[in-house]
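Have the structure open as you read.

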Amino acid sequence: MSPGSPNGRVEPGPLAAAVKAEARALGFDLCGVARAEPLDGEELRRFLAEGREAEMAYLRRRLDERLDPRVLLPGARSVVALAVAYWRPDARPGIARYAQGRDYHQFLQKRLRRLRRRLLRAAPGARIHPSTDTSPVMEKIWAQRAGLGWIGKNGLLLTPEHGSWVLLATLVTDLELAPDEPQPNRCGSCADCLPACPTGALLGEGRLDSRRCLSYWTIETERSIPEELRPATSRWTFGCDDCQNACPWNRSPATASLPDFAPRPIVELRCSALAGLSPEQFERHARGSPLRRAGFDGLRRSALLGLLREGGADAREACERLEDDPSEVVSETARWVARRLG
Ligand code: B12
Ligand code: SF4
Ligand code: SF4
């Protein structure tokens, strides 16, 4: 990266162009720049006041940093927003597409650190804070401001190139980089994602109630899933893509270029096998996979509900084995599913 001018000053335009070229070389599909300015906190405060964060207590913390990158990184002038596409034709059903392969936190963080190092070579002494889900940064809003796409009625960042099948990351920096123009919202009169949500978690205008979202229940908590959400959970063992599958912008996606999203052996397992994992098998299979986040009991609980869909002798046997499991959540779910399997 060598965007300096003859007098040694690093110009915002060439520097932004150089960051984008390096990001592309490192496997990021999209990259844009926004000015580091405070965000309007009204939506976030309303989300929290209505309890829509469920038990994700971390969303209530560090609000000042979440709403102003200059608090997160004093002197911040720019936010670089990055996206990687993850859609693949060989994804296994019942597991969210983003979670089929390796844990993106690990491999994107590595690429972000590399991008940071290259940027430091061009601008020694710069302050650069990389993050992908790891800091109080509202990634969708920064991606929208940096011109990568718009926030759809399903609450996700949609891009013209890859629909919403992208994962996001940011670099907050004190460097001055030429900002990009935000794109218009292209949802128009479409609202297909709203009725596609099986649990009514989407409230319109991109607002979501985590307490009703299958993604929340199957990834973020090991608690017992409320009975009225259990039939829908039988289709989703980890995460949920219903509000993305319904979106017209997601219909003809290009295949992900990063090989890290290739399905791993754990997503090949049937629900009866997932429910029957021992703690050691869980550790071995889930290592390096996003499914680890559900936890041993959380994954077995969701897999048990998947048996309602799978059915058959294996399903009944898996339930029987877990009816007296030491985990109250697992044993209660096993008994509940067994009653329905008959
Ligand atoms: C907490 C969280 C969740 C929670 C809550 C989701 C939510 N919508 O808030 C749960 C567990 C439910 C969840 C689920 C999923 N998540 Co999530 N999640 C996050 C996380 C860590 C924080 C999001 C957050 O701050 N929420 C709080 C609310 C208030 O903020 P917000 O949704 O970001 O922003 C809204 C408001 O601020 C408001 N708003 C603000 N300004 C403005 C301005 C205007 C004009 C308008 C109209 C609105 C508006 O609208 C925004 C959109 O709803 C982010 C990573 C990150 N650090 O950003 C990933 C992230 C949003 N998740 C991601 C993914 C992939 C998912 C799932 C698709 C996974 C899956 N397949 O199961 C689902 C999708 C569910 C859905 N439809 O949103 C990706 C999204 C990528 C993308 N293309 O947008 C992110 C960015 C992670 C990443 N690094 O890529 N997630
Ligand atoms: S992830 Fe599933 S449950 Fe959550 S809002 Fe989207 S469709 Fe609804
Ligand atoms: S389904 Fe329609 S309304 Fe929903 S995000 Fe996609 S384009 Fe927007």
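Which residues are around ligand 2? Keep in mind that this is a predicted model. The list runs Cys 197, Thr 199, Ala 201, Leu 202, Leu 208, Cys 213, Leu 214, Ser 215, Cys 240, Asp 242 and Cys 243. Two elements, α8 and α10 (242-245), each give two or more residues to this shell. Sorted by class, the shell around ligand 2 holds 8 nonpolar, 2 polar and 1 charged residues.

Now for ligand 1. Its surroundings count 37 residues, and the closest are Ala 96, Glu 139, Leu 157, Ser 215 and Gly 239. Ser 215 also turns up in the list for ligand 2. By class, the shell around ligand 1 splits into 21 nonpolar, 8 polar and 8 charged residues.

Where do those residues come from? At least two each are supplied by α2 (42-49), α6 (139-145), β6 (166-173), β8 (207-208) and α8 (214-220). Of the elements, α8 gives the most, with 4 residues. Zoom out to domains, and you'll find that domain 1 (12-173) and domain 2 (208-243 + 264-341) each put at least three residues into the shell around ligand 1.

On to the helix packing. Two packed helices are described by the angle between their axes and the distance between the axes. Here are two pairs to look at:

| Helix pair | Angle | Axis distance |
|---|---|---|
| α14 (residues 312-322) and α15 (residues 328-341) | about 145 degrees | 8 Å |
| α1 (residues 12-25) and α5 (residues 104-122) | roughly 150 degrees | within 10 Å |

Take α14 and α15, whose crossing is left-handed. On the α14 side, the contact is made by Ala 315, Arg 316, Cys 319, Glu 320 and Leu 322, while α15 brings Val 330, Ser 331, Ala 334, Val 337, Ala 338 and Leu 341. That gives 8 nonpolar, 1 polar and 2 charged residues in the contact of α14 with α15.

The α1 and α5 pair has a right-handed crossing. Which residues of α1 meet α5? They are Leu 15, Ala 18, Val 19, Glu 22 and Ala 23, and their partners in α5 are Leu 115, Arg 118, Leu 119 and Ala 122. The contact of α1 with α5 has 7 nonpolar and 2 charged residues, with no polar ones.

Conventions. Residues are numbered from 1 along each chain as its sequence is written. Chains are lettered from A and ligands numbered from 1 in the order in which they are written. This is a predicted model: local features need pLDDT of at least 70, side-chain atom pairs count only at pLDDT 80 or more; totals for chains, interfaces and linings use all residues. A residue is near a molecule or strand if its C-beta atom, placed from the backbone, lies within 6 Å of it. Ala, Val, Leu, Ile, Met, Phe, Trp, Tyr, Cys and Pro count as nonpolar, Asp, Glu, Lys and Arg as charged, and the others, Gly among them, as polar. Domain bounds come from an automatic or database domain assignment. Axes are lines fitted to C-alpha atoms, for helices over the stretch in contact, and angles run from 0 to 180 degrees between N-to-C directions. A crossing is left-handed if the near helix is turned anticlockwise from the far one by less than a right angle, and right-handed if clockwise. Two residues are in contact if their C-beta atoms, placed from the backbone, lie within 7 Å.
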